[in-house]
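My entries follow the structure.

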Amino acid sequence: MFPERTVVDKPDRILRLRDVIARTGLSRSTIYRKMADGTFPTQIRISSHSAGWRETQVDRWFADPEHYRAAD
């Protein structure tokens, strides 16, 4: 009766620092220290003066922060 619909994944949002802090409860310095250690997702460059984090990567970290390792 109705045409078959395809499932579309929601687009990956870019989170700014304040959103990452609010979502994770980590401080700014802890986020950057964990990025340097490879235990938190790295930023992506949005423009010449701004960067953010992919929401899916932050969600993956949030699911298992103790065992998270940034992809090579």
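I looked up serine 47 and found it opposite serine 50 in β3. The model is predicted, with pLDDT of at least 70 needed for local features and 80 or more for side-chain atom pairs, while totals for chains, interfaces and linings use all residues. Residues are numbered from 1 along each chain as its sequence is written, and side-chain values use heavy atoms, with hydrogens and water left out.

I then checked the pairing of β2 (residues 44-47) with β3, which is antiparallel over three bridges. Pairing requires at least two DSSP bridges between two strands; strands are DSSP runs of E of at least two residues, helices runs of H or I of at least four, both numbered from the N terminus. Two residues lie between β2 and β3, which form a hairpin.

On β1 (residues 14-15), I noted two bridges to β3, again antiparallel. Leucine 15 has tryptophan 53 in β3 as its bridge partner.

How much of β3 is buried? I found four of its five residues (50-54) buried, so β3 is largely enclosed by the rest of the structure. Buried means under 20% relative accessible area (1.4 Å probe, protein chains only).

Next I took helices α1 (residues 17-24) and α2 (residues 28-37), which pack at about 95° with axes 10 Å apart. The axes are lines fitted to C-alpha atoms over the stretch in contact, and angles run from 0 to 180 degrees between N-to-C directions. α1 is therefore roughly perpendicular to α2 (65 to 115 degrees). Contact (heavy atoms within 4.5 Å) involves Leu17, Val20, Ile21 and Thr24 of α1 with Arg28, Ile31 and Tyr32 of α2.

Definitions and conventions: Buried < 20%, exposed > 50% of the residue type's maximum accessible area, 1.4 Å probe, protein only. Parallel < 35°, antiparallel > 145°, perpendicular 65-115°, else oblique.
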